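Me: I've got a structure open and want a quick walk through it. Can you take my questions as they come?

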Amino acid sequence: MREPAFLHKNREKWQEYEESLFGNNNQSLDPGRLEELYIQLTDDLAYARTFYPKSNTVKYLNGLAARTYLLIYKNKNTGENRLKRFLTVDLPLIYFHSRKYLLFTFGVFLFFVAMGWILTMNDESMARTVLGDDYIDMTIRNIEKGEPADVYRGGSAVITFLRIAFNNMYVMMISFLYGIIAGLGTIYILFTNGIMVGSFFAFFERYGASGEAWPIILIHGTLEITAIALAGTAGLMMGAGLLFPGTYKRLHALRRNARAGIKMMIGLIPVITLAAFLEGYITRLTDMHIAFKMVIILASAAFLIWYYWVYPAQVARKLGLEYANLDYVIEA
């Protein structure tokens, strides 16, 4: 069917549908009826996306789908399913909407990591400047006795877990909150942490201990380092709302992006808690077989890639929102 014929066939239905949902009488619709209408809409959207990709018809239907999504889930906003919906729908859609910020943040962070690596590989004093003389001297002694990651063995596992969880939560919060300074504060936090991470790993490489130390550190570091970068994504989003409000008033854009960032931060709490648990209880098991270390590292990396990149796209596609403006989700 040609697009004009498709439009002629369905235009009145869509107009009636839009009026019934978003007109003055939308409060009288029950949630079941909303879902039924939504299914009809997504069927038309799937057809249009197949035969008229990237057309104005697809954009229009995606817009309706996004607005319908908000109405449906506001009507289903009970305590029973609120947490589940947040973790399986709302948060992934926010990350889908934020994927350009996500790519930018990780690019900036990896640039600073590379900078820290290069500077330390060329001058060991860089590691002392970043990590401190006491830590470097202690680690050199550990390397000389064949235990480069021996620092993780000491102390109480409970105290270590609580201390690391609090410290990482603090770093995440300032990484997000400093975004209010037009994103510059967040860039600074990414700079300091990226330089530290790059210098840290380069130091072990200089002393020929990377093969033994890196797998131990990455048991918790895979989640921990990624969580800090994800918090930076939330901070840069907030800063972008201030700098690039688009069609919104500047204050409205800032509040809108800050709300999205707060939701992203809430979603990171389990990740940073798990990272702290791994550092407090598992990383200290330095004699663990390399196979077990790699299972933890690869499982952590696979989860991060799936939940923060692959799954959000799947949710958006399933709900017919991959082209739509997801402001409706952020405002929910």
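Me: Let's start with phenylalanine 109. What does phenylalanine 109 touch, leaving out residues up to four places away in sequence?
Reply: Phenylalanine 109 touches Leu190, Asn193, Gly194, Val197, Ile225 and Ala229. Bear in mind that this is a predicted model.

Me: Where is phenylalanine 109 found?
Reply: In helix H5.

Me: Buried or exposed, that phenylalanine 109?
Reply: Buried. Its relative accessible area is 4%, and the cut-off for buried is under 20%.

Me: How far is phenylalanine 109 from phenylalanine 191, C-alpha to C-alpha?
Reply: The two C-alpha atoms are separated by 6.9 Å. Along the chain, the residues are 82 apart.

Me: Which other residues are buried in H5?
Reply: Besides Phe109, H5 buries Leu102, Thr105, Val108, Phe112, Val113, Gly116 and Thr120.

Me: And what do the buried residues of H5 pack against?
Reply: Four helices: H6 (125–131), H9, H10 (210–243) and H12.

Me: What span should H5 have, and what does the model give?
Reply: H5 covers residues 99–122, which is 24 residues.

Me: Zooming out. How many helices and strands are there in the protein?
Reply: 13 helices and zero strands. Read along the sequence, the pattern is α repeated: α-α-α-α-α-α-α-α-α-α-α-α-α.

Me: How much of the protein is buried?
Reply: 49% of its 332 residues count as buried. The protein exposes about 16,900 Å². Carbon and sulfur atoms supply 62% of that area.

Me: What share of the contacts links residues 24 or more positions apart?
Reply: 80%, taken over contacts with a separation of 6 or more.

Me: Back to helix pairs. How do H7 and H9 cross?
Reply: Their axes come within 11 Å and cross at roughly 35°. H7 is residues 133–144 and H9 is residues 184–206. The crossing is right-handed.

Me: Which residues make that contact?
Reply: From H7, Tyr135, Ile136, Thr139, Ile140 and Ile143. From H9, Phe200, Phe203 and Phe204. By type, seven are nonpolar, one is polar and none is charged.

Me: Staying in H7, is asparagine 142 buried or exposed?
Reply: Buried. Asparagine 142 sits in H7, and its relative accessibility is 7%.

Me: What does asparagine 142 touch, again skipping residues up to four places away in sequence?
Reply: Glu147, Pro148, Asp150 and Val151.

Me: New topic: alanine 182. What is its phi?
Reply: Near 55°. That is a positive value in a residue other than glycine.

Me: Where does alanine 182 lie?
Reply: In the loop between H8 (157–177) and H9. At 26% relative accessibility, alanine 182 counts as partly exposed.

Me: Last one: glutamine 314. Where is its place?
Reply: In helix H12, residues 290–318. Glutamine 314 counts as partly exposed, because its relative accessibility is 38%, between the 20% and 50% cut-offs.

Me: And how far is glutamine 314 from leucine 93?
Reply: Their C-alpha atoms are separated by 9.4 Å. Along the chain, they are 221 residues apart.

Methods
Residues are numbered from 1 along each chain as its sequence is written. This is a predicted model: local features need pLDDT of at least 70, side-chain atom pairs count only at pLDDT 80 or more; totals for chains, interfaces and linings use all residues. Side-chain values use heavy atoms; hydrogens and water are left out. Axes are lines fitted to C-alpha atoms, for helices over the stretch in contact, and angles run from 0 to 180 degrees between N-to-C directions. Helices (H or I, at least four residues) and strands (E, at least two) are DSSP runs, numbered from the N terminus. A crossing is left-handed if the near helix is turned anticlockwise from the far one by less than a right angle, and right-handed if clockwise. Contact means heavy atoms within 4.5 Å. Ala, Val, Leu, Ile, Met, Phe, Trp, Tyr, Cys and Pro count as nonpolar, Asp, Glu, Lys and Arg as charged, and the others, Gly among them, as polar. Buried means under 20% relative accessible area, exposed over 50%, partly exposed in between (1.4 Å probe, protein chains only). Accessible areas come from the Shrake-Rupley method with a 1.4 Å probe; for residues, only the protein chains shown count as cover. The expected span of a helix is 1.5 Å times one less than its number of residues.
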